[in-house]
Amino acid sequence: MNILVTGCNGQLGNEIQLLEKENPQHCFFNTDVEELDITDQLAVEQFVAQNKIEGIINCAAYTAVDKAESNKELCTSLNTVAPAYLAAAIDKRNGWMIHISTDYVFDGTKHTPYVEDDTPCPNSVYGSTKLAGELGVRKFCKKAMIIRTAWLYSTFGNNFVKTMIRLGKEKEQLGVIFDQIGTPTYARDLAVVIMTAINKGIKPDVYHFSNEGVISWYDFTKAIHRIAGIDTCHVKPLHTTEYPTPASRPAYSVLDKTKLKNAYGIEIPYWEESLAECIKKLV
């Protein structure tokens with residue numbers, strides 16, 4: 001298949017590129033804004049038609065959660081409008097689309113893992129634009145698969161794991177939020193699931209994916225330092241109220257992955273095992 005990958009320079013896009021070598025049966029068109037401006041509808045339609053694209057993996061997004069609060073126009077353009085353009089373009093060719101979404105479509109007030117049928121209730125510009133993006137993709141592409149994920153990290157780009165390793169080496173003390181609960185996601189594990197879905201056949205629907213287990217940002221940081229061999233930095237727990245941010249974060253955003261596991265017969269790694277695998281590549 002001819003497959004278009006958007007946002008190829010991001011964490012997930014880079015992980016997908018590594019897996020492309022193991023899937024030579026497909027022809028991948030890796031693009032970022034330099035190669036294809038996905039906010040330009042005509043450019044999207046021409047690219048998809050000229051390259052006979054049969055499937056799209058949309059990894060592109062505006063993910064600066066706090067900046068989104070004051071940059072709603074650009075956030076909406078990338079997270080809501082562009083995915084709809086991609087969906088409409090690939091649907092004309094009767095193709096499929098995998099669109100990456102987020103746990104931020106929920107407000108985090110639930111106390112049990114979120115399932116796909118739970119009613120979305122975003123409380124940030126980022127979450128609202130991502131939810132609108134989901135709706136557009138499902139409206140314009142009949143073969144759309146939406147995967148919501150959370151707490152993404154990788155050996156590529158800027159992310160929480162890299163930041164905590166750097167700060168742990170630089171500082172004697174660090175304060176980290178302890179009352180926000182979720183599950184980290186190693187971008188490589190998500191990339192593997194995406195490739196599995198492509199090779200086993202796209203099953204249009206909304207799915208959740210993160211690694212297995214549940215943890216707070218504070219506990220996550222303690223694990224990062226322990227695995228990275230950092231023992232000179234004291235990490236102390238902070239309440240969310242002690243660290244105010246422009247955008248609200250979900251207090252509880254654990255995702256239930258049962259639907260995806262059943263659909264593709266996959267086993268998802270435990271978060272600490274994947275974290276250790278990532279840190280081994282970093283340090």
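Good morning. I begin with Phe160, which lies in helix α6, residues 160-170. Helices here are DSSP runs of H or I with at least four residues, strands are runs of E with at least two, and both are numbered from the N terminus.

Before continuing, the basis of the talk. This is a predicted model, in which local features need pLDDT of at least 70 and side-chain atom pairs count only at pLDDT 80 or more, while totals for chains, interfaces and linings use all residues. Residues are numbered from 1 along each chain as its sequence is written, and side-chain values use heavy atoms, with hydrogens and water left out.

To return to Phe160: its relative accessibility is 21%, so it counts as partly exposed. The classes are buried under 20% relative accessible area, exposed over 50%, and partly exposed in between, with a 1.4 Å probe and protein chains only. Which residues does Phe160 touch, not counting those up to four places away in sequence? They are Val176, Trp217, Phe220, Thr221 and Ile224, where contact means heavy atoms within 4.5 Å. Phe220 is 60 residues from Phe160 in sequence, and their C-alpha atoms are 9.5 Å apart.

Now the chain as a whole. The protein chain holds 10 helices and 12 strands. Its radius of gyration is 19 Å, close to the 19 Å from the globule rule for 283 residues, so the chain is as compact as a globular protein of that length. That radius is taken over C-alpha atoms, and the rule is 2.2 Å times the number of residues to the power 0.38. Along the principal axes, the C-alpha atoms fill a box of roughly 55 × 35 × 35 Å. Of the 283 residues, 52% are buried. Among contacts with a separation of 6 or more, 84% join residues 24 or more positions apart.

Next, the strands. Strand β3, residues 55-58, is covered on both faces: Gly55 and Ile57 on one side, and Ile56 and Asn58 on the other, are all buried. In a regular strand the side chains alternate between the two faces of the sheet. What are the partners of β3? Strand β1, residues 2-6, pairs with β3 in the parallel sense over four bridges, and Ile3 stands opposite Gly55. Strand β4, residues 96-102, also pairs with β3 in the parallel sense over four bridges, with His99 opposite Asn58. Pairing requires that DSSP finds at least two bridges between two strands.

Beyond its neighbours within four places in sequence, Ile147 is in contact with Ile98, His99, Ile100, Ser101, Leu190, Ile194, Tyr207 and Phe209.

Finally, two backbone features. Most residues other than glycine have a negative phi. Asn94, in the loop between α4 (72-91) and β4, has a positive phi, near 60 degrees. Is Asn94 buried or partly exposed? Its relative accessible area is 49%, so Asn94 is partly exposed. Trp151, in the loop between β5 and β6 (152-153), also has a positive phi, of about 50 degrees, although it is not a glycine. Trp151 counts as buried because its relative accessibility is 11%. Thank you.
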